[in-house]
Every structure is written in C-alpha cells, then in structure tokens.
Amino acid sequence: MDRRRSPAHQHAAALSWQLTEQGGTLQLASQSWPIQLKRSARRTVGLLIRDGQLTLQLPQRYPLHDLTPLLRDKASWLLRHLQTAAEPVPALQDGGTVEWLGEPLTLVCLPAAGRSSRVERDGAHLVVRVPVAAAADALPQAVSRYYRQQALPYLLARLSHFAALMQRPVPPLSLSSARGRWGSCNRHGEIRLNWRLLQAPPEVVDYVVCHELAHLLEFNHSPRFWAEVARLCPSYLPLRSVLKQQGHRWMRLG
C-alpha cells in the first residue's frame, strides 16, 4: 500500500488560522489571506472568496471551533481558489481571446463611428467597435454588456427545454452577477443564473440549469435531489468537476 499522503492531506496538514468574531487570518502553504466573518439567520456554513479574501458565512450560534474539520476538508479548494483570486486578471485587448460557450473567440477592436460601443459575432471573432475618445475600460464594459444581453435568451431557452422534460411550467428567470455562485432557486420557484455561464461549454451550462430546476422538487441537496439532477443530466458528475476546476476563470469576466 502507498502510504504517501495525498495533496489534499498535505494541504490540510499545512492549514492553520487565527479567528475571532472580528475576523482573522488563514495560513496555508506559506501564504496568508484575511478572513472576514459574517453571521446571519442562515442554516449552513458558506465559504466565499472575493478579492483575495475569505468570508465565512455562519449561522448565528455556530461555534467557531466547529470550523476545524470543515476548513481542513476544504484545504485544497481554499488553496486553489485563493491563489487564483490573487492572480492578476488578464486584460481584454485587441487580439486577445474570450470564451463563448466553450469556444475561443478572438477580440477585434475597431473604432466606432458614433458615441457608443457596439459588439457583434463574426465567426471565430468578437468584433468590438469602441469610440476613439472612449475611456480605457470601454472595451471590457462593452464585452460584458454583450454577454449579459445574449445570456437571457440563451439561458431561458435551456430552462424551457428542461422544464418541459420535467413537465413543469417554465419558472421565472433573472440574471445574476454574483461572483460566488452560478445559480440559485428560492422557495418561490424563482431561478437566477449567472450571465458569465455563457463562457462555459453548453453541457456545463445545462448542468447548472438542471441543478437549479431540481430544486423546484427538492429544496436541498439530498439523495433525491441528486437523483433528479441525474435524471435530467445523466453526465452531471464530470460536468460538475469541470465547473469546479475551471469556473474560477469564467468568474473573472466583468
């Protein structure tokens, strides 16, 4: 038997932190990050990484010492996402690339005749026309706006497709810009999907859609919930892995 410890166990062994109700610091693999603590009426623990900071979202009476097994279990995930968050975001520029439903598109930046930016697909290119006197962030703003505009009809079509398979009416859909989640479904049956999903391959988008639709039947992550996800999206396990491994890259747009 190979008794060498796995990378996950190595990361867990290297994990340490100092935490009080006012916040603290996470130390992992010779690196450190600030921790913010937020308590609310929620029932479960949430981990949110944004701008190089870890936020622990806790129920009101959750004991801090109960975080030990959770943080050790999430050590590899924490290291991967915190290191990614610390990396500089690649600038969108002429000749650069963006992802569109899993395929790379080359950015072509051209001067616009009017005062507003315009974006259009042209084969394997995303042509962005920007006014000459526009601010430096006009290009990324135009690209993000284009993704948002295209997201609602595409996501609504996929939602309608899978709702029909469930023999249910299409639930209300709105777009989300959340940096920490790809979708949500509330107890009123309203679904929110992140517009940045349009960068992911179509089958990954479908997995997220099926995940949120399954919550209409099971408002939890019980075995019955996952059985419904599997019924709608039989290959969801590898797709969920793709989202976990690559999703941080897609979250950086905008």
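Biologist: Which residues are exposed on the other side of helix 6?

Modeller: First, a quick word on ground rules: this is a predicted model, where local features need pLDDT of at least 70, side-chain atom pairs count only at pLDDT 80 or more, and totals for chains, interfaces and linings use all residues. Residues are numbered from 1 along each chain as its sequence is written, and side-chain values use heavy atoms, with hydrogens and water left out. Buried means under 20% relative accessible area, exposed over 50%, and partly exposed in between (1.4 Å probe, protein chains only). On the other side of helix 6, the exposed residues are Pro223 and Arg224.

Biologist: And which residues of helix 6 are buried?

Modeller: Helices (H or I, at least four residues) and strands (E, at least two) are DSSP runs, numbered from the N terminus. Helix 6 covers residues 223–232, and its buried residues are Phe225, Trp226, Glu228, Val229 and Leu232. They sit on the same side of helix 6, because they cover an arc (taken from the directions from the helix axis to the C-beta atoms) of only 155°.

Biologist: Which helices do the buried residues of helix 6 pack against?

Modeller: Contact here means heavy atoms within 4.5 Å. By that rule, the buried residues of helix 6 pack against helix 4 (138–165), helix 5 (202–214) and helix 7 (236–250).

Biologist: Glu228 is in that buried set. Which residue does the side chain of Glu228 meet in a salt bridge?

Modeller: A salt bridge is a side-chain nitrogen of Lys or Arg within 4 Å of a carboxyl oxygen of Asp or Glu. The N to O distance is 3.0 Å, and the partner is Arg231.

Biologist: How many salt bridges does a search of the whole structure find?

Modeller: One of them joins Glu21 and Arg39, with the closest N and O atoms 2.8 Å apart. That pair links distant parts of the chain, 18 residues apart: Glu21 is in the loop between strand 1 (16–20) and strand 2 (23–28), and Arg39 is in strand 3 (residues 31–40). Both are partly exposed, Glu21 at 40% and Arg39 at 23%. The search of the whole structure finds five.

Biologist: Which parts does the salt bridge between Arg158 and Asp206 tie together?

Modeller: The side chains of Arg158 and Asp206 meet at 2.8 Å, N to O. Arg158 is partly exposed at 22%, whereas Asp206 is buried at 14%. The two are 48 residues apart in sequence, so the pair ties together helix 4 and helix 5.

Biologist: How far is the sulfur of Cys233 from the closest cysteine sulfur?

Modeller: A disulfide is a covalent bond between the sulfur atoms of two cysteines. The rule used here is a pair of cysteine sulfur atoms within 2.5 Å, and the count comes to zero disulfides. Cys233 is buried at 7% relative accessibility. Its closest cysteine sulfur is in Cys210, too far for a bond, at 4.9 Å.
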